[in-house]
Amino acid sequence: MQKSNALPFTVAKTENFFDRLGDYVGDVFYDILPDKGYELRDEQIYMAFQLEQAFKNKHTIFAEAGVGTGKTFVYLLYAISYARYRRRPAIITCADETLIEQLVKKGGDIEKLEEALGLTIDVRLAKSREQYVCIKKLDPLANKTDDEDILKVHDQIPDFVFDTGASMQSFERYGDRKEYPWVPDAAWEKIAWDPLQQCSTCEWRHRSGQTLNRDYYRHASDIIICSHDFYMEHVWTKDSRKREEQMPLLPEASCVVFDEGHLLEFAAQKGLTYRYNFEALTKVLTGYMGQDVREESLYLVEDILAINDEWFDLLRNNASAVEGSNRREISLSKEMINMGKTLNNKVEQLLEQLVFDSDLFTIEEYHIKIIEEYLEFFSYGLSILLKDDEGIFWLEEDESTTSLVIMPRLVEDVLRKEVFSQNMPIVFSSATLSQNGDFSYLASSLGIESFDSFSVESPFDYDKKMKLYGHMDTNQQSKWKKIGEQLLGAGGNSLVLFSSKEEMEQFRNWTVGANWPFSVFYEGDREISETVRNFQTEEASVLCAHHLWEGLDVPGEALKQVIISSLPFPPNDPVFKAKRKHAKQPDEEVDVPYMLLRLRQGIGRLIRTSEDNGVIHIWMTEEESKKYKQGIEEVLPVRVSWE
C-alpha cells in the first residue's frame with residue numbers, strides 16, 4: 001500500500017499537476033482497473049474528463065450519471081489526488097447517514113479503490129451531532145429507566161467518562177450510534193444529542209463522544225465524509241463559532257463533493273432552521289434571574305416568561321397534525337402575530353438591559369455571553385416568523401416538550417455567498433440532477449449562477465434485466481394482500497418502499513399474525529446500517545423502509561424485487577405548502593417533479609451491477625393513474641405492464 005498523503009503519481013518540477021493527473025486517471029481507467037477485473041466503461045471515462053476540467057478550473061459541476069457508470073470511483077480519485085495536492089482534505093457530503101455507511105462499509109467503493117490502486121486512504125466520518133450519545137441525558141436516565149436497551153448503552157460507556165481524575169491520554173472515541181445497533185430509533189432519541197442541549201456549558205463537554213470524534217476527524221488528510229445536514233450546519237455556524245473562539249465544525253477543504261446533490265436544498269433549509277423549545281427560554285432566563293441583576297431586568301424577565309407560556313399554549317391549541325410528517329401545522333392568527341411581536345419587543349429590551357447588567361460586573365462575562373447569544377438567536381428567528389412570507393414554521397411535540405421550528409423559505413442567497421462563491425471545485429453527483437436534461441431548476445434553487453454540467457446514461461441493459469408492473473390501489477386491505485402475495489412469490493429478497501412512516505406502520509399492523517417463511521426488517525427498529533446488513537446477509541428476507549429511496553446498495557441475490565407501495569409525493573407539511581404557495585402551477589412545479597425524482601431513485605435500488613436482475617412493482621390509485629401515468633412511463637427505464 002502506498003503511504004497516505006503522497007500523490008499516487010509523480011510530478012516533476014517542470015510538469016503541470018493537472019497534466020499528470022489526467023495521465024494517471026487515464027492509466028487507472030484504461031489499464032489498472034481492467035487488469036483488476038473491472039469493466040472498461042466509456043461513461044466513466046467521459047465523466048473523468050469532465051471532472052478534470054472542473055477541478056482544473058475550480059468550477060461547480062453537475063455530474064448526472066446513471067446507475068452502474070462507476071461515478072463514485074471517478075469523484076473519489078479526483079478528490080483524493082486534489083486533497084493531497086492542496087494538502088487539505090476533500091469533503092464528501094451525503095444525503096444521510098445511510099449513504100455515508102455505504103461509502104465506507106467493508107467491501108464498499110473506498111475499500112475497493114484502496115485494493116485496486118494500492119492506496120491507503122485516510123477517510124474519517126463527521127457525523128451529525130444526533131448520531132452521538134449524550135451523557136448529560138443518558139446518565140440520569142439510566143438511574144430511573146428499566147429500558148434494557150438504554151441500560152446496555154450506559155454499561156458500555158468507557159470508565160474514563162465518569163472518572164474526573166482520568167488523564168486525557170486515556171480518552172478514546174466512543175458514542176457513535178453505530179456502536180449500539182440494538183437500540184431502536186425511538187429509544188435513541190431519548191439518549192442522543194438534540195438541539196436543546198447547551199454543549200458549550202456542559203460539564204461533560206470534553207469527555208463527550210461527540211467532542212472526541214470531532215477532534216479525530218478534523219485531522220483527516222484525504223477525505224472527510226459527512227451528511228448534507230452537517231455540512232450546512234458547518235456553513236451556517238462557522239462565523240459564530242469563530243467569534244466564540246471555537247473551531248468550525250469542519251476544517252478548511254480543498255474541494256467538496258455533494259453525493260445525491262439533488263437533496264441539498266432541503267438540507268440547506270434545515271441547516272438554517274431556528275428551533276425554540278418551550279422550556280429552553282424559561283431555563284435560560286430563570287438562570288439569569290438567579291444572578292445579581294437589577295430589579296427592572298427581573299420585571300422584564302417575568303413579563304417574557306408569562307408571554308412565552310401564553311404564546312406556546314396558543315400555538316399548541318391551534319396546531320394540526322400532518323400525515324406523513326412529524327410537523328404540526330400552524331395557521332398564524334392575528335392574535336398569535338401580535339403576541340409574537342410583543343414577545344420579540346420584550347426580548348429586544350432585555351438584550352439592551354444586559355449591557356447595563358454586564359457593566360455592573362455582578363454577572364460573569366461568560367454567563368452574559370451565553371444568555372445574550374440565546375436571546376439574539378430567539379429574536380432573529382422570531383423576526384423571520386413575523387415577516388410576511390419569509391418564514392416556514394411548524395410545531396414538533398414529543399413526550400416531554402414542544403418546539404417551535406422556523407426556517408427561511410429561500411436559501412439561495414445564503415448559499416450563493418457562503419458556499420458557491422468559494423474558489424474551489426464543487427461536484428454534484430447523482431443519477432437525478434436534471435429535469436429532461438435541464439439543470440437550471442436545481443441551480444437556481446441553490447443560488448448557483450455559473451456551472452458546468454453533463455449527463456451519462458446507465459450502461460445496463462434494463463430491457464433484459466428488469467420487469468416492471470403497475471398495479472391499481474382500489475383499497476388498502478386488498479393492496480396489502482396482493483403485496484403479501486408478491487413477497488411470498490419472490491420468497492422474500494424484497495425491498496418495500498413506503499411514502500411515509502405511517503404507511504409502513506399500517507402495513508406492519510396488517511402483517512401481525514402472518515406466518516412469513518422469511519424475516520421482515522423494518523426501518524427504525526435498529527440502527528439503520530445494522531438493519532441493511534441483516535437484510536443483505538440473511539438468505540431470504542424483506543426490508544420495509546420509508547427513507548431508503550436513495551443510496552441503498554444491495555447487489556446480488558439479496559434483492560430481487562422492489563415494491564413501491566404508493567407514489568412518493570411530498571408530504572403536505574409546511575415546507576412543501578410554502579413551495580406550492582409560491583409556484584404558478586404547484587402540481588407541475590413541486591409535487592410531480594419531486595415524485596418522479598424519488599420514483600426514479602426507488603427503481604434504481606434494484607439493478608446495482610451488470611449481473612443483477614429482478615422485478616419492480618409500482619402501486620397507485622386510479623385517479624393518480626389518469627393524471628400521472630404518461631409522465632411516469634416517460635421516466636421509467638423499461639415498458640410497464642399494467643395489471
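Analyst: A crossing is right-handed if the near helix is turned clockwise from the far one by less than a right angle, and left-handed if anticlockwise. The crossing of H2 and H3 is right-handed. This is a predicted model, with local features needing pLDDT of at least 70 and side-chain atom pairs pLDDT 80 or more, while totals for chains, interfaces and linings use all residues. Numbering starts from 1 along each chain, and side-chain values use heavy atoms, without hydrogens or water.

Helices here are DSSP runs (H or I, at least four residues), numbered from the N terminus. H2 covers residues 42–57 and H3 residues 71–86; their axes lie 9 Å apart at an angle of about 30° (lines fitted to C-alpha atoms over the stretch in contact, with N-to-C angles from 0 to 180 degrees). That makes the pair roughly parallel (under 35 degrees).

From H2, Gln44, Met47, Ala48, Leu51, Glu52 and Phe55 meet Lys71, Phe73, Val74, Tyr75, Tyr78, Ala79 and Tyr82 of H3 (heavy atoms within 4.5 Å). This contact has 10 nonpolar, 1 polar and 2 charged residues (Ala, Val, Leu, Ile, Met, Phe, Trp, Tyr, Cys and Pro are nonpolar; Asp, Glu, Lys and Arg charged; the others polar).

Lys127, Arg129, Tyr132, Gln210, Asn213, Arg214, Tyr217 and Phe230 line the largest one. Helix H9 (residues 209–217) gives the most, 4 residues, to that lining, which divides into 3 nonpolar, 2 polar and 3 charged residues.

Technical notes. 1 Å grid on protein atoms, 1.4 Å probe; cavity = no way out; pocket = protein on both sides within 12 Å on 5 of 7 lines; lining within 4 Å. Helix = DSSP H or I, 4+ residues; strand = E, 2+ residues; numbered from the N terminus. Parallel < 35°, antiparallel > 145°, perpendicular 65-115°, else oblique.
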